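Work through the exercises below with the structure open. Try each task before reading its solution.

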Amino acid sequence: MIEYIFKGGKRYWLTIGALALLLMAGAVAYLMQWNTGLAITGMSRDVSWGLYIANFTFFVGVAASAVMLVLPYYLHNEKAFRKIIILGEFLAVAACMVAVTFVLVDLGQPARVFNMFLYPTPNSILFWDMVVLSVYLLLNIIIGWVTLDAENKGVTPPGWTKPLIIISIPWAISIHTVTAFIYGGLAARPFWLTALLAPRFLASAFASGPALLILLALVMRRWGGFDTGEESLDKVAKIVTYGMITTLFFLLLEVFTIFYSQEPEAMKHFTYLLFGLDGYYGLVPWMWLSIILMCVSIVALLNSRWRRNPAVLSAVCIAVLISIWIDKGLGLIIPGFIPSQSGYIFEYVPTFPEIMIVVGVWSLGGLVLALLYKVVLGVRKS
Amino acid sequence: MEIDRRKFLQITGLTFLALAAKPAFDLLPRPVAANASSASQAEAKRWAMAIDIEACKEGCTDCITACHRIHNVPDIGNRKEEIKWVWKDSFANSFPEQENRLVESTFQGRSVLLLCNHCDNPPCVRVCPTQATWKRDDGIVMMDYHRCIGCRYCMAACPYGSRSFNWKDPRPYINEVDDSYPTRTRGVVEKCDFCEERLARGDIPACVEACKYGALIFGEMKPEMEVYKVISSNFTLRRKAELGTQPQIYYIL
């Protein structure tokens, strides 16, 4: 089955080549970071997490969102997802790898990462996140590959995949919950100290992951000659719709609690994010762009005529991705650190090498995805 | 007993699983006899510090200089990558929850000496994924610069901003290297360690020794010790005590 990745048309090799080039560019930037240290990034003593951890959070969400296909398909026998399910599972694999890679590039001493296995520490949420992410990655590789292999051979998948599929459903919820606990368990950071963080993460994950899946399915249909079916796309788009509505609702809940209670420590962070604080407005245009895109995409998605138009749907899915990437990326990580514990505002601006490393990690995910989807195409065409 | 390939693989697999689970199992809390724990609590050493805000001389940085010199703390020269173990900040920034205009006007312009609080319930220790930071029995929150992977989770968890990260190699920024204390490598977190290396020799912390005004009082939390007496006989504040971290730096007003 793996042999399908070696034979492809011009368009396939161009895609692989372009992604490999971007990956190389990222690797060069990472080499700089390896030699100099994290000083080449925009992170500081006050804002000690930045673009890497923001992307990590976003891609854990994309990985977890595969459950929105697995659950209806395997538990409720939703036939419309029969052809798209494998795309969702392989997207989870690539997203999981991207998420883990973002943690790796964020480490000050990456060569020591195995200290996490050497000294397992159950009281650290980061330890548990590593455990649940590794298991989830394995689950999706095994489930995706074995079911596709069975399809390739024209047999039914082996029976032992069933329990794995069932386990993968709550496991998907767990990866994003544990990721939310990393932030939501810190009394030192009032911005994150809310039980709503895990539900908020899940809601936005169920919007962003399926939106990315729709885009990929549309690409596969247009250039790969593989159609997952009109009905599957419309059903996934409905999931995106309600994911977006819930995300906006949860954001408004936070805004109400913070601004009505007037608790000063928590309010400062939200003020910085939404309106700017003491003359610093770094995140304000970003966050409002995210909120506007949220509203626009909800309106567009609720209209079934627009939702079923591939051109409108792709535009909306891109809007959803940008909106959520800001909302649970920069907009979530940076205000946690601004103002600092002593009330100072030290703004964060990512540097060029930092952005190149992010692009490199994205292309790594793109490369993995392209190869996996090529196998899917090969199996389906034969 | 007949062992076929399938059985062999099963046993091998389980053995590896058990080996992998062993370190995690070792970490589970062990039951301790009740009387033993209460007896050791009475005898246990517990270091603490009292800082007299009014005695601390405005503009004086003797303690900071002494600390940073003997611990090879680099002078990076910019706020972004700053590394500091002890430093001064305004009263309002140090105690943001004391939003009381009278208190603030009394201490207006007064700066407060800040350092690691060596909390009894340290959130940084709770979050560290490799136990590179841990609390000793005598209450000192320690750092292992060789185990730290540089994830900076502890910096996110510390409510006091007491931790600094080595964004690059700190050695070129150390004015004069003191060979009696290790320098750090890039990519690890560092902070005040209550001069544990001096305490082991029977000396008091460098900042306490350097203070000419007697503003810093350090010692064990025992009724006969001076630090205990000043804390119990004065009105003191602790930074963000409402977070339940039980900081062991007491500020005398």
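**Exercise 1. Find the kink in α7(A) and describe the helix around it.**

Solution. Step 1: α7(A) bends by about 30° at Ile169(A), shortly before the proline Pro170(A). The bend at a residue is the angle between axes fitted to the seven residues ending there and the seven starting there. Helices (H or I, at least four residues) and strands (E, at least two) are DSSP runs, numbered from the N terminus.

The model is predicted: local features need pLDDT of at least 70, side-chain atom pairs count only at pLDDT 80 or more, and totals for chains, interfaces and linings use all residues. Residues are numbered from 1 along each chain as its sequence is written, while chains are lettered from A and ligands numbered from 1 in the order in which they are written.

Step 2: Helix α7 of chain A covers residues 161-184, which is 24 residues. From first C-alpha to last, this helix reaches 34 Å, close to the expected 34 Å; the expected span is 1.5 Å times one less than the number of residues.

Step 3: Among the buried residues of α7(A) are Ser168(A), Ala172(A), His176(A) and Tyr183(A). A residue is buried if 20 or more other C-beta atoms lie within 10 Å of its own, exposed if 12 or fewer, and partly exposed in between, with C-beta atoms placed from the backbone. The cover over the buried residues of α7(A) includes α2, α3, α6, α8 and α13 of chain A.

**Exercise 2. State the element content and overall dimensions of chain A.**

Solution. Step 1: Chain A has 14 helices and zero strands. Step 2: The C-alpha trace of chain A spans about 65 × 50 × 40 Å along its principal axes. Step 3: A compact globule of 382 residues would have a radius of gyration near 21 Å, and the 21 Å of chain A agrees. The radius is taken over C-alpha atoms, and the globule rule is 2.2 Å times the number of residues to the power 0.38. Step 4: Of the 382 residues in chain A, 47% are buried.

**Exercise 3. Is Asp278(A) buried or exposed, and which is Arg152(B)?**

Solution. Step 1: Most residues other than glycine have a negative phi, and most peptide bonds are trans. Step 2: Asp278(A), not a glycine, has a positive phi of about 50°; Arg152(B), also not a glycine, has one of about 65°. Step 3: Asp278(A) sits in the loop between α10 and α11 of chain A and is exposed, because 12 other C-beta atoms lie within 10 Å. Step 4: Arg152(B) sits in the loop between β5 and α7 of chain B and is buried, because 22 other C-beta atoms lie within 10 Å. Step 5: For a cis peptide bond, look from Ile338(A) to Pro339(A), where omega is near -5°. Pro339(A) belongs to the loop between α13 and α14 of chain A.

**Exercise 4. How many residues of chain B are in contact with chain A?**

Solution. Step 1: 41 residues of chain B are in contact with 34 residues of chain A; contact requires C-beta atoms, placed from the backbone, within 7 Å. Step 2: α7(B) gives the most to the side of chain B that touches chain A, with four residues.

**Exercise 5. Where in chain B does pLDDT stay under 50?**

Solution. Step 1: pLDDT is the predictor's confidence in each residue, from 0 to 100. Step 2: Chain B averages 88, but pLDDT stays under 50 over residues 31-42 of chain B. Step 3: Where pLDDT is low, the predicted coordinates should not be read in detail.

How values were computed:
Contact = placed C-beta atoms within 7 Å.
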